[in-house]
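Here is a short briefing to read alongside the model. Take a look at the structure below, and then we can go through the charges, a loop residue and the sheet.

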Amino acid sequence: MIRKQMYADVTDAEIQDAVKDALLYDPRVASFNVNVAVDNGEVMLTGNVDNLKAKNAAAQDASNTVGVWNVENQINVEPVDEVSQSDKLSSI
C-alpha cells in the first residue's frame with residue numbers, strides 16, 4: 001500500500017508533547033523552563049535561558065519534530081551575573 005502523503009497527519013497536541021519531550025531529553029535545554037505552544041503546526045517557544053546555545057538548541061529540537069512547519073523562537077537569553085574579582089578573592 002502506498003501512502004498518499006509523505007508524513008502522517010499529526011495533531012497540535014501530539015506535536016506539543018513531542019517538542020516538550022525533545023527539550024526534556026536535550027541536555028543543553030533540559031534545565032530551563034521553556035514553554036511550548038502549537039497552532040496548526042507552528043511552534044512558539046517562550047521562556048528564559050542563560051545562554052544562546054540553549055536558545056538555538058531549543059529551536060532546532062522543535063524544527064526537527066515531525067509535523068512542525070515553522071518555529072517562532074521568543075526565548076529570552078538572560079545570562080547569569082558574573083562573579084566579581086573581589087568576590088573571588090574573598091572566597092579563597
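Arg28 and Asp26 join their side chains in a salt bridge, with 2.9 Å from N to O; the term covers a side-chain nitrogen of Lys or Arg within 4 Å of a carboxyl oxygen of Asp or Glu. The structure holds one salt bridge. Please keep in mind that this is a predicted model, where local features need pLDDT of at least 70, side-chain atom pairs count only at pLDDT 80 or more, and totals for chains, interfaces and linings use all residues. Residues are numbered from 1 along each chain as its sequence is written, and side-chain values use heavy atoms, with hydrogens and water left out.

**Charged residues**

- Asp26 is buried at 7% relative accessibility, while Arg28 is partly exposed at 44% (buried means under 20% relative accessible area, exposed over 50%, partly exposed in between, with a 1.4 Å probe and protein chains only).
- Asp61 sits in helix 2; helices are DSSP runs of H or I with at least four residues, strands are runs of E with at least two, and both are numbered from the N terminus.
- Asp61 is buried but has no salt bridge, and Arg28, the nearest side chain of opposite charge, is 4.1 Å away (Lys and Arg count as positive, Asp and Glu as negative, and His and the chain ends are not counted).
- Setting aside residues up to four places away in sequence, Asp61 touches Ala22, Leu23, Asp26, Arg28 and Val29, where contact means heavy atoms within 4.5 Å.

**A buried loop residue**

- Thr65 belongs to the loop between helix 2 (52-63) and strand 3 (70-77).
- Thr65 is buried, its relative accessible area being 10%.
- Beyond its neighbours within four places in sequence, Thr65 is in contact with Ile15, Ala18 and Val19.

**The sheet and its helices**

- Three strands make an open sheet in the order 1-2-3, with mixed pairing; two strands pair if DSSP finds at least two bridges between them.
- Strand 1 (34-39) and strand 3 are at the edges with a single partner strand each, so one side of each has no neighbour in the sheet.
- From one strand to the next, the twist averages 10°.
- Six bridges link strand 1 and strand 2 (residues 42-49) in the antiparallel sense, and Val38 stands opposite Val43 in strand 2.
- Helix 1 (residues 12-25) packs on the sheet, touching strand 1 and strand 2, and its direction makes about 155° with that of strand 1.
- Helix 2 lies across strand 2 and strand 3, at about 160° to strand 3; axes are lines fitted to C-alpha atoms, for helices over the stretch in contact, and angles run from 0 to 180 degrees between N-to-C directions.
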